[in-house]
Amino acid sequence: SSANPRGGSTAMSVQAYAALPNGSAEGAASSGSIFALRDYRFLWGTQVAVFCGKILIKMASVQWLYETTGSNMALGGLGVIQLVTQVPAILFGGVLADEMDRRLLVVWMQAVAAAACSVVWLLSFLGLLLPWHIYVSVGVLSASGRIEGSARNALTPGVVPQELVPRAVSTNVVTDNVGEILAPVLFFATTLGESLSPAFAVAAVSYILATLLPLFIEANCQPEHTVDATRTSQLALASSRAARCKEGLSYILHHPLLPGLYVLDWGMTVFTFYRELFPIFAATILQSRPAWLSLRATVSLLNCLNYAGGTVGSLMTFRWNSDPHKGRQVLGATVAYGAFCVLFGASRVWWMSALAVFGAGAADAVGMVNRKTVIGTTTPSQMQGRASAGHSLAANTANSLGQIYVAAACSVIGAGPTMILGGCLTWASVGCAAWAIPALLSYSSIS
């Protein structure tokens, strides 16, 4: 039998799940279904609720801000808020995820998100909502979401056997995309009237559900080598956390694959970020749309198509799970993503632009699944939280910078040229990554 690159966590996972009354890891491994694992089912349910809440509050906030201000840069300002709040949250969250009970960390952060959404809903319902309320809530949700995300992502490799990690990651991404498809439909259904308050209310309910579900996970969610804070001074604990941050950064920088994957994510996202700017693109690139497609309906359609593409791309990775060359899959998917971005910007036919959004979602999902798979299968248990936080840091800072850059570029050179240029720069980033880190081409998960 082959050695476990995560230091024996597979055996621990199998033993833990064999003891659970509602499922066993052996049964899951034999059937190929991770839903045979009881705790994974609750983790999966949490994920569904999180993404419904996250997409609803994001779409409602962006739409409210654009309709209220009519400014591209008002949407770019959301990127500034997210950038300021999420970087320390991601770094701190990765350390916390490797230090304390990950299940409870998820619960606490979801409770914070539920409270923030509830306040926004109340202000909207009373007619008191102002732009600065949106910016504050986005900052709170960004910070809590990044901390929670590091903990929840680190839970997955610990609750399934290593041989099922690729399937679990693919299932997680498919679940994300299905939830994100349904959320825009729900957004449209809850915003048929003039007010966006119903959308804010449903987002709050989703986060409340996400707060409750993790409480039913029975497995031990404490990471290995946890710091005993009750016997450690606060000064020593702070020093330990700083050392753990430094250790995590050193691990990522010296990993043969992770730096290349993170830089590649930056190269494609910073110059092409579009999801939270769909109101701008709906009003410009898709201005030739039929008269029966309102601005809100077009934004909902673009989100649905993008996430539907992401679902298709994630499902495609199930067929490619047996292919060990994950680095090549990431590079190929990124090239395809750049092509769809160019098509989106160049097309003047609204339905072709919409199909390009679908294709970009599919290509992006293939790359994301393979990036997460590499992290989950090449990182030891005690580093999972920080490695996951590193990926989250790269992805989310790129999202924020991309939102700022793309919003500004759309105001200066137009939405179409911005996406064409972004697609070309994505191709350039692929070439640079393949040249600088040849391991991306040669890596095999079998070896």
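Which helix holds the place of Arg167? Arg167 sits in helix H7 (residues 165-190). The model is predicted: local features need pLDDT of at least 70, side-chain atom pairs count only at pLDDT 80 or more, and totals for chains, interfaces and linings use all residues. Residues are numbered from 1 along each chain as its sequence is written, and side-chain values use heavy atoms, with hydrogens and water left out.

**Overall fold**

- The chain has 17 helices and zero strands. Both are DSSP runs numbered from the N terminus: helices are H or I with at least four residues, strands are E with at least two.
- Of the 447 residues, 56% count as buried. Buried means under 20% relative accessible area, exposed means over 50%, and partly exposed lies in between (1.4 Å probe, protein chains only).
- Take the contacts between residues at least 6 apart in sequence: 84% of them join residues at least 24 apart. Contact means heavy atoms within 4.5 Å.

**Nonpolar cores**

- A nonpolar core is a set of buried Ala, Val, Leu, Ile, Met, Phe, Trp, Tyr and Cys residues joined through side-chain atoms within 4.5 Å.
- The largest such core has 54 residues. Leu75, Ile134, Phe200, Phe281 and Phe344 touch the most other members.
- Helix H3 (residues 38-69) gives the largest share of this core, with nine residues.
- Ile134 touches Ser61, Trp64, Leu78, Val120, Leu129 and Phe200, not counting residues up to four places away in sequence.

**Helix pair H4 and H6**

- The axes of helix H4 (residues 72-97) and helix H6 (residues 131-159) come within 7 Å and cross at roughly 30 degrees. Axes are lines fitted to C-alpha atoms, for helices over the stretch in contact, and angles run from 0 to 180 degrees between N-to-C directions.
- H4 and H6 are therefore roughly parallel to each other. Angles under 35 degrees count as roughly parallel, over 145 as roughly antiparallel, 65 to 115 as roughly perpendicular, and the rest as oblique.
- H4 passes H6 in a right-handed crossing. A crossing is right-handed if the near helix is turned clockwise from the far one by less than a right angle, and left-handed if anticlockwise.
- The residues of the H4 contact with H6 split into 13 nonpolar, nine polar and one charged. Here Ala, Val, Leu, Ile, Met, Phe, Trp, Tyr, Cys and Pro count as nonpolar, Asp, Glu, Lys and Arg as charged, and the others, Gly among them, as polar.

**Helix H16 and its partners**

- H15 and helix H16 (residues 415-436) have axes that come within 7 Å and cross at roughly 135 degrees. H15 and H16 are therefore oblique to each other.
- H15 passes H16 in a right-handed crossing. Tyr405, Val406, Ala409 and Cys410 of H15 meet Ala415, Thr418 and Leu421 of H16. The contact residues divide into six nonpolar, one polar and no charged.
- Helix H10 (residues 258-269) and H16 have axes that come within 8 Å and cross at roughly 165 degrees. H10 and H16 are therefore roughly antiparallel to each other.
- H10 also passes H16 in a right-handed crossing. Leu264, Gly267 and Met268 of H10 meet Leu425, Thr426, Ser429, Val430 and Ala433 of H16. This contact divides into five nonpolar, three polar and no charged residues.

**Residues in detail**

- Gln403 lies in helix H15 (residues 384-412). Gln403 is buried, with a relative accessible area of 0%. Leaving aside neighbours within four places in sequence, Gln403 contacts Leu75, Gly76, Leu78, Gly79, Gln82, Phe273, Glu276 and Leu277.
- Thr418 has its place in helix H16 and counts as buried at 0% relative accessibility. With neighbours within four places in sequence left aside, Thr418 contacts Phe271, Val406, Ala409, Cys410 and Ile413.
- Thr418 and Gly345 are 73 residues apart in sequence and 7.2 Å apart in space, C-alpha to C-alpha.
- Gly359 is in helix H14 (residues 350-378) and is buried, with a relative accessible area of 5%. The C-alpha atoms of Gly359 and Gly313 are separated by 8.6 Å, at 46 residues apart along the chain.
- Arg167 counts as partly exposed at 33% relative accessibility. Arg167 and Val369 are 202 residues apart in sequence and 9.8 Å apart in space, C-alpha to C-alpha.
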